[in-house]
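Take a look at the chain below before reading on.

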Amino acid sequence: MAEFKEISPNAGAVAKLDNWLHNRFPTAYDAYKVHMSEYYAPKNFNFWYFFGSLALLVLVIQIVTGIFLVMHYKPDANLAFASVEYIMRDVPWGWLIRYMHSTGASAFFVVVYLHMFKAMIYGSYRKPRELVWIFGCTIFLMLMAEAFFGYLLPWGQMSYWGAQVIVNLFAAVPFVGPDLALLIRGDYVVSDATLNRFFSFHVIAIPLVLIGLVAAHLLSLHDVGSNNPDGIDIKAAGQPKDAAGHPVDGIPFHPFYTVHDMVGVAVFLMVFSAIIFFAPELGGYFLEYNNFIPADPLKTPAHIAPVWYFTPFYSMLRATTDVMVDVFCVIVALGALLALWKGRLSFIAKIVAVVAAAVVILLLKTFDAKFWGVVIMGGAVIILFFLPWLDHSPVRSIRYRPGWHKWLYGIFVVDFVVLGYLGIQPPSDIKTLVAQAGTLFYFGFFVLMPWWSRLGAFKPVPDRITFAH
C-alpha cells in the first residue's frame, strides 16, 4: 500500500478534498499527468487540429441525447413512428433533443471527414502512427454502421426503403448472400424483427465498440506522440530537449490545447445551434422530407437515396454497371501488357502476371455488376486502411511536397463532393458517366499513390518545426 500524502491542517477545503482523492485514487491523477498536463504536443497546431476534439464532443452529444430519446422511443413497427412524433410534440424539449441527435449525426461525419483529411495532407498515418490511423479508420467504419442502424429507427418512408435497398445489397454476395440478408433482416422483408435488431445494435452494441475504439485511438496516439503540420517528430532522437527531458518544440496539452480547443468548440456550437434552431432539416439533407411520412411497404418513394454522408459511396455503387465492369477488364489487361512490356520481370514472373490478369478478368465477368458494385462500395472504405503503405513520399507533410500534389488532393476533394452530390440526385445517363469517372479517379488516387507520391521536386524539411505566434 502506497504511503498517504500529507497536507497542512490549515489548507483550504478544496485542497483537502484534492489530497483526499489523490491518496485514494492515484491512478486517475497519474493518467491525467500522462495524457493531459505532462503530455507534450507540438506547439504549431493549426485550425485543422480542432476536429479531433470536436469529434469527441459530438460523440458525447450523441450518447447523452440518445439516452433521453430511448426513454420515450418504442422499437415496435406499429409504434416507432408515433413515438418519434410524441417526442417531437409532447415530450418537454423533446424536439430539441431529437434535433440535436439528428444534427449531431451529420455533424459527426463533417468533423470526422475533415479530421481524416487533415491526417491525409499532413501524413499523420505514416510511421510510427500506422496503428493510430487503423483505429481511426475502424472508428469511421463503426460510425457508418451506427448511422445505418439508426437510420431505420424513425420508421419513416426513407428509413424503411433505404434500409430495404441497403440490406438487399448483401443478397448480391455469392453463395451466402440470401442467407446473410435474411440474418440481417430477421425476416423475409424489413419488418418489426429488423427494427428490433437495428435498435439493439444502434443503442448498445456499436456505441460500446465505438467508445473502446476511441480510447484505443487516443492511447495509441499518446504513445507515439502527435503529428504536426510540418510532419516532424518532436520526440525523435536528435530533437532538442529541456533539462527535464521534454521536447523544446512541445507544450503541455493542458492547459494550452484545452484552451485552444475551446475556441473551436465555441465556433462549432454556434454553427450547431444555428442549424438546430433555424434549419434542422437543412433543406432535406440532414432530415429527408420523406422521413416525415410513416413507412408504407406498399408505396415506394419516387427516388430512394441515403443520407448525404453515405452518398459518395452510394454513387460508386450505382456507377458500377456492366459497361463499368468491361472498363475494369480493359484496365487490368492493359496493366498486364504494360508489366510485360516495361517491367523488368523474369519469364516466370511474366507468366504469373498474365495468369493473374486472366483470373481477375474471369472473375469480373463471372459475377454481375450488382455484386461488383457492393465490392467497390465497400472497397472505397477498406482501401483507406492501407494508406500508410500506399504513400511512398519521402516527406510526410503536404507543405514540403511538390505544388501539384496540393492540386491533386484538391481534385480528390472535389471528386468526393461531386460523387456525394450525384448520390443524392436521381440517376441519368450523363450523371452515371460522371460518377463512373469519379469512381475511377477515387480508386486511381490510392492505387497509383505508390507511383505518383514519389514524383516531383520535394522541398527540404527543416530540422525543427516552424512556428509563428
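Does Phe149 count as buried or exposed? Phe149 counts as buried, at 14% relative accessibility. Buried means under 20% relative accessible area, exposed means over 50%, and partly exposed is in between, with a 1.4 Å probe and protein chains only. This is a predicted model, in which local features need pLDDT of at least 70 and side-chain atom pairs count only at pLDDT 80 or more, while totals for chains, interfaces and linings use all residues. Residues are numbered from 1 along each chain as its sequence is written, and side-chain values use heavy atoms, with hydrogens and water left out.

Start with the rings. The whole structure holds 44 aromatic pairs. Rings of Phe, Tyr and Trp (its six-membered ring) pair if their centres lie within 6.5 Å; planes under 30 degrees apart count as stacked, over 60 as edge-to-face and the rest as tilted. Phe109 sits in helix H5 and Phe140 in helix H6, so the contact ties together parts 31 residues apart in sequence. Helices (H or I, at least four residues) and strands (E, at least two) are DSSP runs, numbered from the N terminus. Phe109 is buried, with a relative accessible area of 1%. Phe140 counts as buried too, at 2%.

Phe149 has a partner of its own. The rings of Phe149 and Phe198 have centres 4.9 Å apart and planes at 75°, so this pair is edge-to-face. Here helix H6 supplies Phe149 and helix H9 supplies Phe198, 49 residues apart. Phe198 is buried, at 1% relative accessibility.

Now turn to the pockets. On a 1 Å grid over the protein atoms alone, a pocket is an open set of points where a 1.4 Å probe fits, with protein on both sides within 12 Å along at least five of seven lines; lining residues have an atom within 4 Å of a point. Grid points are joined across faces, edges and corners, and a volume is the space filled by probe spheres set on the points. Two or more lining residues come from each of H2 (26-37), H3, H5 (94-122), H6 (130-151), H9 and H10 (253-278). H9 gives the largest share, seven residues. By class, the lining has 25 nonpolar, 11 polar and three charged residues. Ala, Val, Leu, Ile, Met, Phe, Trp, Tyr, Cys and Pro count as nonpolar, Asp, Glu, Lys and Arg as charged, and the others, Gly among them, as polar.

The second largest pocket has a volume of about 860 Å³. Of its 37 lining residues, Gln62, Leu69, His101, Gly150 and His202 are the closest to its centre. H3, H4 (80-89), H5, H6 and H9 each give two or more residues to this lining. H9 gives the most, with eight residues. The lining divides into 27 nonpolar, seven polar and three charged residues.

Next come the charges. Side chains of opposite charge can pair when their charged atoms come close. The whole structure has eight salt bridges, each a side-chain nitrogen of Lys or Arg within 4 Å of a carboxyl oxygen of Asp or Glu. Asp233 bridges to Arg396, with the closest N and O atoms 3.1 Å apart. Asp233 lies in the loop between H9 and S2 and Arg396 in the loop between H15 (387-390) and H16 (403-424), so the pair ties together parts 163 residues apart in sequence. Both Asp233 and Arg396 are buried.

Lys43, Asp249 and Arg464 form a network of salt bridges. Lys43 meets Asp249 at 3.8 Å, N to O. Lys43 is in the loop between S1 (40-42) and H3 (51-70), while Asp249 is in the loop between H9 (192-224) and S2 (250-252), 206 residues apart. Asp249 also bridges to Arg464, with the closest N and O atoms 2.7 Å apart. Arg464 lies in the segment after H18 (449-452), 215 residues from Asp249. Asp249 is buried, at 2%. Lys43 is partly exposed at 24%, and Arg464 is partly exposed at 39%.

Finish at helix H14. Its 14 residues (369-382) should span 20 Å at 1.5 Å a residue, and the end C-alpha atoms are 19 Å apart, which agrees. The expected span is 1.5 Å times one less than the number of residues. Buried residues of H14 include Phe371, Trp372, Val374 and Ile376.
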